[in-house]
Amino acid sequence: MSYEIKKAAVLGAGVMGATIAAHLTNAGVECLLLDIIPFELTDEDKKKGLTEESPEWRNRFAANGLNAALKSKPASFYSKQNAPMITIGNFDDNLDWLANVDWIIEVVIENLKIKQDLFARVEKIVGPNCIVTTNTSGIPIKDISANFGTSLKERFLGTHFFNPPRYMKLLEIIPGEETNKDVIEYMTRFCEDVLGKGVVICKDVPNFIANRIGVFDISNAIHLMVDKGLTVPELDAIIGKSVGRPGSSIFGTLDLVGLDTGYHVMNNLYDAVPDDEMRSYFEPSDFFKQMIEKKWLGNKTKQGFYKRTKDEKGKRIKLTLDYKTMEYVPFGKPKFASVSDAGKKEGGFEVKIAALFNGEDIAAEVVREYLCRNFIYAANRIPEISDTIVGIDNAMKWGFNHRLGPFETWDAIGVKESVDAMKKLKLKVPKKITDMLKAECESFYLKKDDGKYYYDFETKGYVKLDENPKIILLPSLKERQKVIKSNLGASLLDIGDGIACLEFHTKMNAVDGDVISMINDSCDIVEKDFLGLVVANHGTNFSVGANIFQVLVAIQRGDWDLLDNLVHDFQYANMRMKYCAKPVVTAPAGMALGGGCEMAMHGVKCQPCGETYMGLVEVGVGVIPAGGGTKELMVRVTEGIPDGAVENGLNMQTYYQKVFENIGMAKVATSAMEAMELGYIRKTDGISLNRDQQIWDAKEVALGLSRFYRKPKQAMIPVMGENFKGMAESILYNMRHGNFVSDYDVHVAMKLAGIISGGDCAEGTYVTEDLILDLEREAFLSLAGESMSQDRIMHMLTTGKPLRN
């Protein structure tokens, strides 16, 4: 049987339900959002004239959920323009709508009877090809589906999203005993390819994989804090980034998630796993219970393990909970020699965490015991919760944002070395681990010529990891000698099928001379030997823009020729990509700011990741975009103007006002879809929700273009000339007199207006891209020579933040 999801329904419009619906629209899936009707009319309802028949009243819970998703921070929607893709309703009036959907996701309260009663109604309505899932985080799938007929059981499974659904990569799929394999395979593929998730197949056991291991991880840390007499900030300083945890560490994370949520999961797990050897760790501590009673639930109540407040002088301060006295107290930033020493070690994260594990102070002591207990617990959960170490590792990386999974961390420290530490701590080493070492298998993962292998406890040997052909890993290609050309700033790699990939590898992928040189070399090589070029990397950020330090050094030396050449070379490296004889597809992800945005805009096509934060932000350091960004926005806003319209007196003010605002206000898109609305990405470009598959997606776009590709002709840009400068001057005059901007902001903005105007010419004049590039460069150099801009550049360099007036 074939399945295709074009329309979905979410049952339950609470925080999770509404934000799951929002993310479905991010993936282009229309959605119903249904919930119960309110219990009774309020006095306010009656004053409004509402009755129990009023849709506004009957759909209130679904409407409230949708409104909350629209206002959520961080944003649940890629764009608020997606909201109309969601249709709200209620279970009493609109359940029959489910007959026309392809996927139903139940996200109601965690109560078995309520879920079973709702599904009994749903089963009578759904079509024979509709896939039905539950987002339960703890109730067994077999219990929820106990009363289903055979047909629905075959199409039923768990799909456990992590909060917030847009941003958290993990999605746990929990098949039932009778779930059809075709359904499991289809949902895995759909959730990976369309929703952008990292899927882990789980067993139908309490809290599945991530919450089972993750809650133990947190409980283990809390027990160690109490046992060692540490404070909350001390534990967070130890169990943080140094061991691959998020920057919020243990207690910052609990405050973020909500202590009530953590408390519920701990209690649920304690009740559900009577035979777990570490069950006692899941029982919340006395101080945790007191915090729940006092409603100190974390960020949502403005106090949890940390509290932000003001002192008697009105200065903002951060306090921490003294769990012994249950009072909030001030604290300094704890420092530990082993943590700082490990951070200074040469090498990658694996080297640093091994150094910390082997340290000698209290922090190292805590890390050793914490990790050893985590390792043992994870090993003992196989095959109970997962048949493989891979499932557990991926679940912890994708669901809890751990840098490495427990078995990957174990490898970093050394299996033999950690077992020695376990014995010194008098911890019971799992027999499967001693058997593994006896068989001379000394790591959980191995790299061989034909791929990566993992240790399998059942077969007591190594098994090859399945490779996803849609995941292109540039480091792996480098190991296989696929580098075509490289310098310190960038590399060109052969990614197969006649497509090359240009990868940046400067710090934060900032643009410098090496990157510019490699752009030109890559276009030369691709035109001769390849079908197309993809510009992409695996960095957290595509590129944060120009190397500010390099720019500042040139300014301080007064080497204006050097700076002029640098800007010119960057402009024409971007133009080289745009007018390459073979298609160039850019693939930004993370931050693509300033020069990074400009590079992304100069491909013939752009294949952004959904989570792309893009903008021309140069005014923040007192200059304007000079890598072709202003020019390219001008091209884009005018390229749809009908032939003859300019000559017939078309008013172009509304076109260019958008360019002026985007750059003058340094607008940054917070998603690829917002970048389309701002004009940084064309609306005809695709979006990759799965970052792991983005390079493959971009490669497919390049291959498609290559079949009938013709190099585009250089654009002629209609401009407003002096009329635009006059308009800008009028707007800025009002803003300055309203104290919305400073004198220097006005000065910078008028330089920008001079570029957008096209120079000294009449309205309706057509100018070349080269002319706009000259104006960009001239304005940039003029502003860079002024002390105010230099102060802003220095401030950005030293603080990482733009200087505010």
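Buried means under 20% relative accessible area, exposed means over 50%, and partly exposed lies in between (1.4 Å probe, protein chains only). This is a predicted model, in which local features need pLDDT of at least 70 and side-chain atom pairs count only at pLDDT 80 or more, while totals for chains, interfaces and linings use all residues. Residues are numbered from 1 along each chain as its sequence is written, and side-chain values use heavy atoms, with hydrogens and water left out.

**View 1. Lysine 578 and glutamate 769 form a salt bridge.** A salt bridge here is a side-chain nitrogen of Lys or Arg within 4 Å of a carboxyl oxygen of Asp or Glu. The N to O distance in this pair is 3.1 Å. The partners sit in distant parts of the chain, 191 residues apart. Lysine 578 belongs to helix α25 (residues 560–578), and glutamate 769 to helix α33 (residues 769–784). Helices (H or I, at least four residues) and strands (E, at least two) are DSSP runs, numbered from the N terminus. Lysine 578 has 10% relative accessibility, so it counts as buried. Glutamate 769 is buried too, at 0% relative accessible area.

**View 2. A salt-bridge network takes in Lys578 and Glu769.** A search of the whole structure finds 45 salt bridges.

**View 3. Arginine 245 pairs with aspartate 217 in a salt bridge.** The closest N and O atoms are 3.2 Å apart. This pair also links distant parts of the chain, 28 residues apart. Arginine 245 lies in the loop between α11 (232–238) and α12 (249–257). Aspartate 217 lies in helix α10 (residues 210–228). Both arginine 245 and aspartate 217 are buried.

**View 4. Aspartate 92 and arginine 121 form a salt bridge.** Their closest N and O atoms are 4.0 Å apart. Aspartate 92 comes from helix α5 (residues 91–94), arginine 121 from helix α6 (residues 112–123), and 29 residues separate them. Aspartate 92 is partly exposed, with a relative accessible area of 49%. Arginine 121 is also partly exposed, at 37%.

View 5. Asparagine 135 is buried, with a relative accessible area of 9%. Contact means heavy atoms within 4.5 Å. Residues up to four places away in sequence are not counted, and asparagine 135 then touches Met16, Ile20, Glu106, Val107, Thr159, His160 and Phe161.

**View 6. Valine 646 sits in the loop between α27 (629–638) and α28 (653–664).** Its relative accessibility is 7%, so valine 646 counts as buried. Leaving aside neighbours within four places in sequence, valine 646 is in contact with Ile641, Met652, Pro718, Gly764 and Tyr766. The C-alpha atoms of valine 646 and glutamate 763 are separated by 8.9 Å, although the two are 117 residues apart along the chain.

**Whole-chain context for the close-ups.** The protein chain has 34 helices and 25 strands. Its C-alpha trace spans about 80 × 70 × 65 Å along the principal axes. Buried residues make up 54% of the 805 residues. Among contacts with a separation of 6 or more, 69% join residues 24 or more positions apart.
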